[in-house]
Amino acid sequence: MRIIKQAVAGTLESSDLLVKVEPNDSVLDIVVRSEVIKQFGKQIRRVVAETLARMDVDQGTVVIEDKGALDYAIRARVQAAVLRGSGSDELNWGQMS
Amino acid sequence: MKSRRSMLFVPGDNPAMLSTAFVYKPDSVMFDLEDAVSPREKDSARLLVFHALALPAYRDIERVVRINRLDSEYGLKDLEAAVRGGADVVRLPKTDSAGEIQELESHVARLEKECGRPVGETRLIAAIESASGVVNAVTIATASPRMIAIALAGFDYLVSMQTRRSGGSEPELFYARASVLHAARMAGIDAFDVAYGDVNDDEGFLREVEIAKQLGFNGKSLIHPRQVDLLHRAYAPTQKELEYAKRVIAAAGYAQRNGQGVVSLDGKMIDPPVIKEAELVLGRVYAS
């Protein structure tokens, strides 16, 4: 899946996260900001990277503003942001699990 | 038999509530993709609910997803997330006819096959929210073997009837409550009473719970976690009811062991309906 435009999903409420995606033709750049970066930074980055890989996203800039979200919410918000950024309305549920 | 006293609404776009609603121990959680979610957040909420359905914390709680109507642009997408996510039950809002349940059932069966779930595993609840739905309650309740309950939703229903909530004994809801209950009992399924909107009015809520309980509703749809415990306490039998139910069961057992058709207790005949009621009372204790 290709990110062709800027898009946002999620909120800055507690237990949620805000995901911003935008096109980047050279690399896949993942930036994670979190109040719990020391404890959970690696875990958040791992979930984000896995989610993007399942969606075949290998280019783009993805910025995460985490507010203590659980893994399931991270997956959902990243998927929503990428789908919005891809301009696609078609969902491949096999990639969402 | 599964006890369904409390069905707690959880907004589908709220991760904090999606991941904590289980702590209030409702009999069912209802992840809402309909009215609680704004149109521009439907896509994101659908994914949140899809993943929240897999949270281990909900393993012992019935997981219901309220989808949008199938004739909206969201309904089928919501249904796909619910069935593929493993929802136990799909709740269809604003159900006016049996045909809507049959259409829903055919889509559910197709999705179950596509994602490898056993066909028939996903159960259905119809919410009745209009005069048409109330009048058609019997055909709606019996529209599919997947149906496990019908729920009366008061806000839209009263608008369709050109009236509003009065408080007190609520005569404006009497016909709808009686119709929905009769339809549910005829179909052999559960019935949920309306949600109570003022979350700070415990007295009004409990007054309404007593009406629902006395009429025979299995429980209520709930819009706030604090209503769960209030409802469960109100539905629990009193010590006096409990003691009597135990004595009825004991007397019935004695009659059966001694080949007696009927037996009396405190001068009252203990017949099958009395025994059934005693079993229901004891069932509520074990559900608590």
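In chain A of this predicted model, strand β3 and strand β4 (residues 60-66) pair in the parallel sense over 7 bridges, where strands (E, at least two residues) and helices (H or I, at least four) are DSSP runs numbered from the N terminus, and two strands pair if DSSP finds at least two bridges between them. Within this pairing, A:Val31 stands opposite A:Val63 in β4(A). Both strands belong to an open sheet of 4 strands in chain A, with mixed pairing and the order β1-β2-β4-β3. Because β1 (7-10) and β3 (28-34) of chain A stand at the edges, each with a single partner strand, one side of each is left without a neighbour in the sheet. From one strand to the next, the twist averages 15 degrees.

Residues are numbered from 1 along each chain as its sequence is written, while chains are lettered from A and ligands numbered from 1 in the order in which they are written. Local features need pLDDT of at least 70 and side-chain atom pairs count only at pLDDT 80 or more, whereas totals for chains, interfaces and linings use all residues.

Two helices pack on the sheet. Helix α1 (residues 37-54) of chain A touches β3 and β4 of chain A, and its direction makes about 145 degrees with that of β3(A); axes are lines fitted to C-alpha atoms, for helices over the stretch in contact, and angles run from 0 to 180 degrees between N-to-C directions. Helix α2(A) touches β1 and β2 (17-22) of chain A, its direction making about 30 degrees with that of β2(A).

Helix α2 (residues 71-86) of chain A packs against helix α2 (residues 42-52) of chain B at an angle of about 150 degrees, with their axes 8 Å apart. That makes α2(A) roughly antiparallel to α2(B), a term for angles over 145 degrees. Among the residues that meet are A:Tyr72, A:Arg75 and A:Leu83 in α2(A), and B:Asp43, B:Leu47 and B:His51 in α2(B).

Technical notes
Parallel < 35°, antiparallel > 145°, perpendicular 65-115°, else oblique. Contact = placed C-beta atoms within 7 Å.
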